[in-house]
Amino acid sequence: MRDQLVRYGVSQISAASETNPGGYEDGSTTEAQPYEKTGNTGAQFTLGDHRSLDEVISMMIDGGYIPSFCTGCYRKGRVGADFMDLAKPGLIKEYCKPNAMFTFREYLEDYASPATKAKGLELLKRLTQTFPKEELKRRVEGNLCRIGDGERDLYF
């Protein structure tokens with residue numbers, strides 16, 4: 001069902017999440033062994049999707065989507081009225097798409113399986129070509145290359 005919901009515009013989903021208090025601290029779970037299968041008690045509710053984060057991201061790539069781990073607006077102070085001044089006329093899209101691509105590239109470099117990384121890099125190439133402004137396209141390509149070379153926390 002989640003795979004279908006993404007196609008209808010659901011923009012926030014979780015993956016490989018824990019629902020038990022302290023679930024990320026005790027080391028009793030891994031992406032391959034969800035909390036419900038460890039025999040522990042205390043989960044707030046049972047998750048119906050036991051795929052790993054890599055599997056969910058791979059599904060998103062297959063659909064032509066990328067996840068965004070972006071915190072660029074917060075880091076740049078684009079919050080509240082400042083954010084809305086950019087959002088209302090649609091100017092924020094010149095920040096959101098590149099920043100989502102940058103954080104996605106970081107994920108691919110640092111955490112993705114080889115298969116997910118290969119698919120994700122190909123998707124990033126295609127998405128880069130969709131920028132109508134050549135200067136923005138060059139800046140995005142440059143930052144994606146810098147991230148591939150090991151830089152982190154690049155954002156507009």
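A residue is partly exposed when its relative accessible area lies between the 20% limit for buried and the 50% limit for exposed. Gly64 has 34% relative accessibility, so Gly64 counts as partly exposed. The model is predicted.

**Gly64**
- Gly64 sits in the loop between helix H2 (53–62) and H3.
- Its C-alpha atom is 7.0 Å from that of Leu123, although 59 residues separate the two along the chain.

**Largest nonpolar core**
- This core holds 18 residues.
- Met101, Phe102, Phe104, Leu108, Leu124, Val140 and Leu144 touch the most other members.
- At least two core residues come from each of H2, H5, helix H6 (114–128) and helix H7 (134–148).
- H5 contributes the most, with five residues.
- In soluble globular proteins, nonpolar side chains tend to be buried together.

**Met101**
- Met101 is among the core residues that touch the most other members.
- Neighbours within four places in sequence aside, Met101 is in contact with Ile66, Leu124, Leu127, Thr128, Phe131, Val140 and Leu144.

**Second largest pocket**
- The volume of this pocket is about 220 Å³.
- Its lining consists of Ser68, Cys70, Thr71, Gly72, Cys73, Tyr74, Phe83, Cys96, Asn99 and Ala100.
- Helix H3 (72–76) and helix H5 (93–110) each provide at least two of the lining residues.
- By type, the lining has six nonpolar residues, four polar and no charged.

Definitions and conventions:
Residues numbered from 1 in each chain as written. Predicted model: local features only at pLDDT ≥ 70, side-chain atom pairs only at ≥ 80, totals over all residues. Heavy atoms only, no water. 1 Å grid on protein atoms, 1.4 Å probe; cavity = no way out; pocket = protein on both sides within 12 Å on 5 of 7 lines; lining within 4 Å. Points joined across faces, edges and corners; volume = space filled by probe spheres on them. Helix = DSSP H or I, 4+ residues; strand = E, 2+ residues; numbered from the N terminus. Nonpolar A, V, L, I, M, F, W, Y, C, P; charged D, E, K, R; others polar. Buried < 20%, exposed > 50% of the residue type's maximum accessible area, 1.4 Å probe, protein only. Core = buried A, V, L, I, M, F, W, Y, C linked by side-chain atoms within 4.5 Å. Contact = heavy atoms within 4.5 Å.
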